Amino acid sequence: MSDGFTRVSTGNRGLDAILRGGLPANRLYLLEGEPGSGKTTLGLQFLQEGVKQGERVLYITLSETSDELRGVAASHGWDLAGIDLFELSSAEEVLGEGREQSILHAWEVELGGTIRLIQEQVEQVTPRRVVFDSLSELRLLAQDPLRYRRQVLALKQFFATRDCTVMLIDDLTTSDGVRDGHLHSLCHGVVTLERLTLDFGAARRRMQVQKLRGVDFVGGFHDMAIRKGGLQIFPRLIASDHHTPFAGDPTPSGIDGLDALLSGGPLRGTCTLITGPAGSGKSTIVLQFLHAACERGEAATLFEFDERVGTLMVRAKAMGMDLQKHIDGGCLKIQQVDPAEMSPGEFAALVQTEVEERGVKIIAIDSLNGYLAAMPQEKQLILQMHELLSFLNQQGVVTLLINPQSGLVGGMSTSLNVSYIADAVLLIRFFEAAGRIRKAISVIKNRGGPHEDTIRELRIDTQGVRVGAPLTEFRGVMTGTPEYVGQAGPLLEDRGLEP
């Protein structure tokens, strides 16, 4: 590595990416977090990686029993084979000499004696990796903050003379509830895990690297989740790290009138926002672009927050779009997203995987209101969405965003002002003409190049998506109450399409 450190993998791909390669070897690290935040799981992943590398590893536990550790491992499909356990228990007698795991009465052993026993175990096993769980028990044994810190310093000095990477676990159960800044200064690096309880939905977890001496890492909070198989960490997306060259050519929808509005279609590496009231055809227009991309052999993905996939498939088929054949062929992927169960960081990781592993050329998100539901703070949503769109733009991906507006008729508004982050905006409105409720579509901005400033009629029925000729005699479109005062000739009717 350019920083001169020899790295060891943590056994967690996401954390290794955040650390830009792993932890510097032969150093002392602090892994802190409240109970239930995932510390034990990450510690076991760290040791499991050592076992895979053929290293001797040691788990020193003052808080959990071996049965509890085996239960954690079994929940992830692991076993503890290859991991030496040194256990201090409150309910067992000391095992005979030479056994793999030793059990002692923690409350009967003075702190200094406990430290000596740990040192003897380390000297006997000579591990390359050690997890010490947890420092809270040392605090209880010490009873005095100064004595506790002296013993932690003694542990650091002891491990400094050995070829060993150590992870100290702290569950932050101090009597005053204040984090130990002195402990932070003693350790080479500090990783903090957090568990957040929301008003609704699953608890959210996140982590951050507080410090790592002499090493560049990805700062800030990173979302994570505990799943079968271990702790999944989703590094914060930084768009500038993923730039690739591409040609910004148009992406047609296969509908001549619709493509004419954008001078051939959305450009690659741009984001198009499709906005309008419920039922105006936003999702169907997105499906038309996805269908056309798959017909050209380009991979496409739809992330569906709102509508059920089954309903979507039935509606698309009724309009002449056979999406199932593209799904079966692997060209199209429609993924239902439950915003109550997924963090924004995990969603960004899903999008990144689609682009980098499947080579997706067009991505659609239906809708931004659903994405908003995944975020408790709107300001963070805007920042994360901006970074995600920047990543997609730099990868040459066409992004389609659906932004529903509240209300069906009259003045309309949106709960989320994201139009500024879109390169093009398609606006759909209802209007009344010839005794019927109709739909009008127009482009109100296009950073990627020229666009029509006309208003065209949009019709969606069993014949599919149809876009008519420009409707010149319109008024009130921008106020949200369009009115057509022209003749019936330019309007789309069942008898055919006006050229």
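Colleague: Which residues do ring pairs link into a cluster?
Modeller: The model is predicted. The structure holds 5 aromatic pairs. Ring pairs build a cluster out of Phe 303, Phe 305, Phe 347 and Tyr 371.

Colleague: Are the rings of Phe 305 and Phe 347 stacked or edge-to-face?
Modeller: A pair of aromatic rings is described by the distance of the centres and the angle of the planes. For Phe 305 and Phe 347 the centres are 5.3 Å apart and the planes stand at 65°. Planes over 60 degrees apart count as edge-to-face, so the pair of Phe 305 and Phe 347 is edge-to-face.

Colleague: What is the geometry of the ring pair Phe 347 and Tyr 371?
Modeller: Phe 347 in helix 12 and Tyr 371 in helix 13 (residues 368-373) are 24 residues apart. Their ring centres are separated by 5.5 Å, with the planes at 55°. An angle over 60 would be needed for edge-to-face, so this pair is tilted.

Colleague: Which residue has its ring under the charged end of Arg 129?
Modeller: A charge sits over a ring only if it is within 6 Å of the ring centre. The charged end of Arg 129 is 4.7 Å from the centre of the ring in question. That ring belongs to Phe 46.

Colleague: At what distance from the ring centre of Phe 221 does Arg 206 lie?
Modeller: Arg 206 is placed over the face of Phe 221. The distance to the ring centre is 3.6 Å.

Colleague: What is the N to O distance in the salt bridge of Asp 84 and Arg 56?
Modeller: Side chains of opposite charge can pair when their charged atoms come close. The count of salt bridges comes to 20. For Asp 84 and Arg 56 the N to O distance is 2.7 Å.

Colleague: Where in the chain do Asp 84 and Arg 56 sit?
Modeller: The two are 28 residues apart and link distant parts of the chain. Asp 84 is in strand 5 (residues 83-89). Arg 56 is in the loop between helix 2 (39-52) and strand 4 (57-61).

Colleague: Is Arg 56 buried or partly exposed?
Modeller: Asp 84 is buried, with 9% relative accessible area. For Arg 56 the value is 41%.

Colleague: Which residue forms a salt bridge with Asp 249?
Modeller: Asp 249 lies in the loop between strand 12 (230-234) and helix 8 (256-261), and its partner is 19 residues away in the loop between helix 8 and strand 13 (271-277). The closest N and O atoms are 3.3 Å apart. The partner is Arg 268.

Colleague: Is Arg 268 buried or partly exposed?
Modeller: Asp 249 is partly exposed at 33% relative accessibility. Arg 268 has 14%. The limit for buried is under 20%, so Arg 268 is buried.

Colleague: Which residue forms a salt bridge with Arg 315?
Modeller: Arg 315 is partly exposed, at 24% relative accessible area. The closest N and O atoms of the bridge are 2.6 Å apart. The partner of Arg 315 is Glu 307, which is buried at 18%.

Colleague: How many bridges join strand 9 to strand 10?
Modeller: Strand 9 (residues 189-196) and strand 10 (residues 204-212) run antiparallel. In this pairing, Val 190 has Lys 211 as its bridge partner. The number of bridges between strand 9 and strand 10 is 8.

Colleague: How many residues of helix 5 are buried?
Modeller: Helix 5 (residues 135-142) is mostly covered. Its buried residues include Leu 135, Leu 138 and Leu 141, and the elements covering them include helix 4 (111-125) and helix 6 (145-160). Of the 8 residues in helix 5, the number buried is 6.

Definitions and conventions
Residues numbered from 1 in each chain as written. Predicted model: local features only at pLDDT ≥ 70, side-chain atom pairs only at ≥ 80, totals over all residues. Heavy atoms only, no water. Salt bridge = Lys/Arg side-chain N within 4 Å of Asp/Glu carboxyl O. Helix = DSSP H or I, 4+ residues; strand = E, 2+ residues; numbered from the N terminus. Buried < 20%, exposed > 50% of the residue type's maximum accessible area, 1.4 Å probe, protein only. Phe/Tyr/Trp six-rings, centres within 6.5 Å; stacked < 30°, edge-to-face > 60°. Lys NZ or Arg CZ within 6 Å of the ring centre and 35° of its normal. Pairing = 2+ DSSP bridges. Contact = heavy atoms within 4.5 Å.
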